[in-house]
Amino acid sequence: QVQLVESGGGLVQPGGSLRLSCAASGFTFSSYVMRWYRQAPGKERELVAAISETGVRRNYADSVKGRYAIFRDNAKNTSYLQMNRLKPEDTAVYYCNAFRSAYGYEYAYWGQGTQVTVSS
């Protein structure tokens with residue numbers, strides 16, 4: 001059974017930090033690109049950060065570049081999103097996503113989301 005379980009969300013003051021975790025099970029974690037998305041109320045879901053299977057390549061949305069860092073531990077089947085210098089506009093539900101494209105097929109799994117609220 002495939003599972004992605006996010007944790008680490010919560011309420012933080014502007015300028016603060018949070019680290020989100022995404023624990024994966026039920027599939028070969030090291031074969032999947034890992035991504036973090038977020039969705040704010042009334043807005044579309046947006047891609048925040050992505051990391052390649054081995055962790056060599058990382059990409060970020062312009063809105064979080066320099067403040068967020070994505071990394072992964074393939075031995076622990078876990079992806080992380082370190083969020084620093086948080087702003088009120090970072091408030092959203094954050095989702096973990098695992099993606100793989102192989103032999104003409106695409107495989108994508110989603111977590112249930114974790115709420116991040118940035119407010120004083």
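**Buried strands and ring contacts**

Student: Is glycine 111 buried or exposed, and at what relative accessible area?
Tutor: The model is predicted. Glycine 111 is found in the loop between β10 and β11 (114-118). The cut-off for buried is under 20% relative accessible area, and glycine 111 is therefore buried, at 11%.

Student: What distance separates the C-alpha atoms of glycine 111 and cysteine 22?
Tutor: The two residues are 89 residues apart along the chain.

Student: Which residue in β8 does cysteine 22 stand opposite?
Tutor: Strand β3 (residues 18-25) pairs with β8 in the antiparallel sense, over six bridges. In β8, the residue opposite cysteine 22 is serine 79.

Student: Which residues point the same way from β8 as Ser79?
Tutor: In a regular strand the side chains alternate between the two faces of the sheet. Thr78, Tyr80 and Gln82 point one way from β8, and Ser79 points the other way. On the side of Ser79 are also Leu81 and Met83.

Student: How many residues of strand β8 are buried?
Tutor: Strand β8 covers residues 78-83 and is mostly covered. Residues pointing either way from β8 are buried. The count of buried residues in β8 is six of six.

Student: Which residue stands opposite threonine 78 in β8?
Tutor: Strand β7 (residues 68-73) runs antiparallel to β8, and six bridges join them. Opposite threonine 78 stands aspartate 73.

Student: What phi does asparagine 77 take in the hairpin of β7 and β8?
Tutor: Most residues other than glycine have a negative phi, and most peptide bonds are trans. The hairpin of β7 and β8 has four residues between the strands. Within this hairpin, asparagine 77 has a positive phi, near 55 degrees.

Student: What is the phi of arginine 85?
Tutor: Arginine 85 lies in the loop between β8 and β9 (92-102). Although arginine 85 is not a glycine, its phi is positive, at about 45 degrees.

Student: Why is the pair of phenylalanine 27 and tyrosine 32 classed as it is, and what is the class?
Tutor: The structure holds five aromatic pairs. In the pair of phenylalanine 27 and tyrosine 32, the ring centres are 4.8 Å apart and the planes stand at 65 degrees. Planes over 60 degrees apart meet the cut-off, so this pair is edge-to-face.

Student: Why is the pair of phenylalanine 71 and tyrosine 80 classed as it is, and what is the class?
Tutor: The ring centres of phenylalanine 71 and tyrosine 80 are 5.1 Å apart, with the planes at 25 degrees. The cut-off that applies is under 30 degrees, so the pair is stacked.

Student: Which residue forms one aromatic cluster with Phe27 and Tyr32?
Tutor: Phenylalanine 27 is buried, at 14% relative accessible area, and tyrosine 32 is buried at 6%. The cluster also takes in Tyr109.

Student: Over the ring of which residue does the charged end of arginine 72 sit?
Tutor: Arginine 35 lies over the face of phenylalanine 99, at 4.5 Å from the ring centre. The charged end of arginine 72 sits 4.5 Å from the centre of the ring of phenylalanine 29.

Student: What accessible area do Tyr103, Tyr105 and Tyr107 have together?
Tutor: Tyrosine 103 is exposed, at 76% relative accessible area, and tyrosine 107 is partly exposed at 32%. With Tyr105 they form a nonpolar patch on the surface, and the accessible area of the three together is about 430 Å².

Conventions
Residues are numbered from 1 along each chain as its sequence is written. This is a predicted model: local features need pLDDT of at least 70, side-chain atom pairs count only at pLDDT 80 or more; totals for chains, interfaces and linings use all residues. Side-chain values use heavy atoms; hydrogens and water are left out. Buried means under 20% relative accessible area, exposed over 50%, partly exposed in between (1.4 Å probe, protein chains only). Helices (H or I, at least four residues) and strands (E, at least two) are DSSP runs, numbered from the N terminus. Two strands pair if DSSP finds at least two bridges between them. Rings of Phe, Tyr and Trp (its six-membered ring) pair if their centres lie within 6.5 Å; planes under 30 degrees apart count as stacked, over 60 as edge-to-face and the rest as tilted. A charge sits over a ring if NZ of Lys or CZ of Arg is within 6 Å of the ring centre and within 35 degrees of the ring normal. Patches are made of residues with over 30% relative accessible area and no salt bridge: like charges are joined within 9 Å, nonpolar side chains (Val, Leu, Ile, Met, Phe, Trp, Tyr) within 5 Å. Accessible areas come from the Shrake-Rupley method with a 1.4 Å probe; for residues, only the protein chains shown count as cover. A salt bridge is a side-chain nitrogen of Lys or Arg within 4 Å of a carboxyl oxygen of Asp or Glu.
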